[in-house]
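This note sets out points for a colleague to check against the coordinates. Please read it with the model open.

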Amino acid sequence: MSKIIHEKNVPAVMRDGTTLYAEVFRPDGEGKYPVLLQRTPYNKEFLPLTTMVLDPIAAAHKGYVVIIQDVRGRFESEGAPFYIYKNEYNDGYDSVEWAASLPYSDGNVGMYGLSYMGMTQFQAASMQPPSLKAIFPITWGTDVYMYRGGALELGLLVSWSMSTIGPNAVIKAKQGKADFLKEFMTLLDSIDHIEEPIRNCRSEIVNGSN
């Protein structure tokens, strides 16, 4: 393929009417092509992460349609507030079938990605969308949903929620409101001092044992 097309904020309407948005990279020319879908909470436009597994431009040159979608409640997609993994079953199914229905799709969809994007593949696959032909999860959630050996990984969950999810969540909830700056700066301060409650807890345990 000599040329490709990059489309921004392509809408996909879920079964409940919520619209999710995606970046689409596809061959420039007539024809129908297989689709590779990645669903991410980390910003579809953050290429250092979304291209770690696959270069969408190179894939499009090889004859694939590559779709990178913001999951529900994140960045350009509707449906805030975001809940970790809650909506990825139905949204995964709907997004696969939407991708398969696009006019330049040949009806065959594969999913790929790592970390959160790995788990979205398992969740979509469990719903058995007819057009999903393959998944390629590199890594996924610890013991599923941030548990390890039955115990909640609280430190990981708190740090991930505050540092990775928090900034965009505050922006979506508070942008344009009078308390936006206050709420955003409060979050940043909490991130800067995230270890203090852990230190205080350890100190109380040590002192209590003496």
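The numbered points below go from the whole chain to single residues.

1. Basis of the values. The model is predicted, with local features requiring pLDDT of at least 70 and side-chain atom pairs counted only at pLDDT 80 or more, whereas totals for chains, interfaces and linings use all residues. Residues are numbered from 1 along each chain as its sequence is written, and side-chain values use heavy atoms, with hydrogens and water left out.

2. The chain as a whole. The chain has 7 helices and 8 strands; these elements are DSSP runs numbered from the N terminus, helices being H or I of at least four residues and strands E of at least two. The C-alpha trace spans about 75 × 45 × 35 Å along its principal axes. Of the 210 residues, 39% are buried (buried means under 20% relative accessible area, exposed over 50%, partly exposed in between, with a 1.4 Å probe and protein chains only). The exposed surface comes to about 11200 Å², of which carbon and sulfur atoms supply 56%; the areas come from the Shrake-Rupley method with a 1.4 Å probe, and for residues only the protein chains shown count as cover. Among contacts between residues at least 6 apart in sequence, 66% join residues at least 24 apart, a contact being heavy atoms within 4.5 Å.

3. The sheet. An open sheet of mixed pairing is formed by 6 strands in the order β1-β2-β4-β3-β5-β6; two strands pair if DSSP finds at least two bridges between them. Its edge strands, each pairing on one side only, are β1 (4-13) and β6 (132-137). On average, neighbouring strands of this sheet are turned by 25° against each other, direction ignored. Axes here are lines fitted to C-alpha atoms, for helices over the stretch in contact, and angles run from 0 to 180 degrees between N-to-C directions. Strand β5 (residues 105-113) pairs with β6 in the parallel sense over 5 bridges, and G113 has P137 of β6 as its bridge partner.

4. Helix α4 on the sheet. Helix α4 (residues 116-126) packs on the sheet and touches β3 (33-40), β5 and β6; the directions of α4 and β6 make about 150°. Because 8 of its 11 residues are buried, α4 is largely enclosed by the rest of the structure. The buried residues of α4 are Y116, M117, G118, M119, T120, Q121, Q123 and A124. Their cover includes β3, α1, α3, β5, β6 and α5.

5. Helix α3 against α4. Which angle do α3 and α4 make where they pack? Helix α3 (residues 88-101) meets α4 at about 80°, with the two axes 8 Å apart. The two helices are therefore roughly perpendicular to each other (angles under 35 degrees count as roughly parallel, over 145 as roughly antiparallel, 65 to 115 as roughly perpendicular and the rest as oblique). From α3 the contact takes E88, Y89, G92 and Y93, and from α4 it takes Y116, T120, Q123, A124 and S126. By class, this contact has 4 nonpolar, 4 polar and 1 charged residues; Ala, Val, Leu, Ile, Met, Phe, Trp, Tyr, Cys and Pro count as nonpolar, Asp, Glu, Lys and Arg as charged, and the others, Gly among them, as polar.

6. Backbone points to inspect. Most residues other than glycine have a negative phi, and most peptide bonds are trans. A cis peptide bond joins A80 and P81, with omega about 5°; P81 lies in the loop between β4 (65-70) and α3. N43, in the loop between β3 and α1 (47-50), has a positive phi of about 90° although it is not a glycine. Just after α4, Q128 also takes a positive phi, of about 55°. Q128 sits in the loop between α4 and β6 and is exposed, at 64% relative accessible area.

7. Two asparagines. Leaving aside neighbours within four places in sequence, N168 is in contact with G73, R74 and F75. N108, in strand β5, counts as partly exposed at 31% relative accessibility. Beyond its neighbours within four places in sequence, N108 is in contact with P34, V35, S131 and K133. The C-alpha atoms of N108 and P130 are 9.0 Å apart, while the two residues are 22 apart in sequence.
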